[in-house]
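The following report describes one protein model for a reader who is new to structural analysis. Please keep the sequence and the structure in view while reading.

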Amino acid sequence: EKQVVFGGFLFDDDSNDYFLESHGVPTPDLYWKVVIRFFKSKDTKPDVIAWVFPNSYDSSDKNLNKRFPDEEGYLLSIAELQNVVGSDEQLLEIPDAFSETAFDKGRTWVKPPCRREPASKPTPVPDFDIVSGDEL
């Protein structure tokens with residue numbers, strides 16, 4: 001299984017560009033993200049999930065499983081993302097045939113359990129003396 005992740009920013013509200021004059025940088029109003037899961041079996045279509053996040057102090061992970069914009073959430077279909085983002089070259093990475101199980105179910109993918117071996121004990125750091133620059 002392989003995953004491809006990409007995203008970008010949307011700038012559509014000039015009223016919050018606080019650093020434009022001082023730094024020449026507009027403030028992003030929305031962040032968007034797409035994850036594509038490719039499966040080992042060639043018979044299984046890649047699965048795609050997409051979100052759009054407002055650049056706001058009250059953004060919360062509680063909205064990950066709510067649909068955008070109706071439920072004031074972040075989860076959206078690829079067709080909706082294309083309407084929001086417009087023509088972005090990164091969207092060309094989305095395969096022609098794919099499924100959208102997360103959007104269809106109205107919830108973000110379930111996080112799989114960690115399969116890593118437990119970390120070994122850390123190697124102790126040897127004691128050392130601190131010396132000033134004058135002593136070097």
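How many bridges join strand β2 to strand β3? Eight bridges link β2 (residues 30-38) with β3 (residues 47-54), and the two strands run antiparallel.

## Basis of the report

The model is predicted, so local features need pLDDT of at least 70 and side-chain atom pairs count only at pLDDT 80 or more, while totals for chains, interfaces and linings use all residues. Residues are numbered from 1 along each chain as its sequence is written, and side-chain values use heavy atoms, with hydrogens and water left out.

Helices (H or I, at least four residues) and strands (E, at least two) are DSSP runs, numbered from the N terminus. Two strands pair if DSSP finds at least two bridges between them.

## The sheet

Four strands form an open sheet in the order β1-β2-β3-β4, with antiparallel pairing. Because β1 (2-10) and β4 (75-76) stand at the edges and each has a single partner strand, one side of each is left without a neighbour in the sheet. In general, strands of a sheet pair through backbone hydrogen bonds, either parallel or antiparallel.

Individual residues can be followed across the pairing. Valine 35 lies opposite isoleucine 49 of β3, and arginine 37 lies opposite aspartate 47 of β3. Between β3 and β4, which also run antiparallel, there are two bridges; here alanine 50 faces leucine 76 of β4.

## Strand β3 and aspartate 47

Six of the eight residues of β3 are buried, so this strand is mostly covered; buried means under 20% relative accessible area, exposed over 50%, and partly exposed in between (1.4 Å probe, protein chains only). Aspartate 47 belongs to β3 and is buried, with a relative accessible area of 2%.

The side chain of aspartate 47 makes a polar contact of 2.8 Å with the side chain of serine 99. A polar contact is a pair of N or O atoms within 3.5 Å; within protein, one must be able to donate a hydrogen and the other to accept it, and residues adjacent in sequence count only if both atoms are side-chain atoms. Leaving aside neighbours within four places in sequence, aspartate 47 is in contact (heavy atoms within 4.5 Å) with residues including Val35, Phe39, Ser99 and Trp109.

## The nonpolar cores

A nonpolar core is a set of buried Ala, Val, Leu, Ile, Met, Phe, Trp, Tyr and Cys residues joined through side-chain atoms within 4.5 Å. The largest core has 16 residues, of which Phe6, Trp32, Val34, Ile36, Leu81, Leu91 and Ile94 touch the most other members. At least two residues of this core come from each of β1, β2, β3 and α2 (78-85), and β2 gives the largest share, four residues. A second, separate core of eight residues includes Val35, Ile49, Leu75 and Ala102.

## Helix α2

Which residues of α2 are buried? They are Ile78, Leu81 and Val85. These residues cover an arc of only 55° around the axis, which puts them on the same side of α2; the arc is that of the directions from the helix axis to the C-beta atoms. The buried residues of α2 pack against β1, β2, β3 and β4. Glycine 86, with a positive phi near 85°, follows α2.

## Threonine 108

Threonine 108 lies in the segment after α3 (101-105). Its side chain is joined to that of tryptophan 51 by a polar contact of 3.5 Å.
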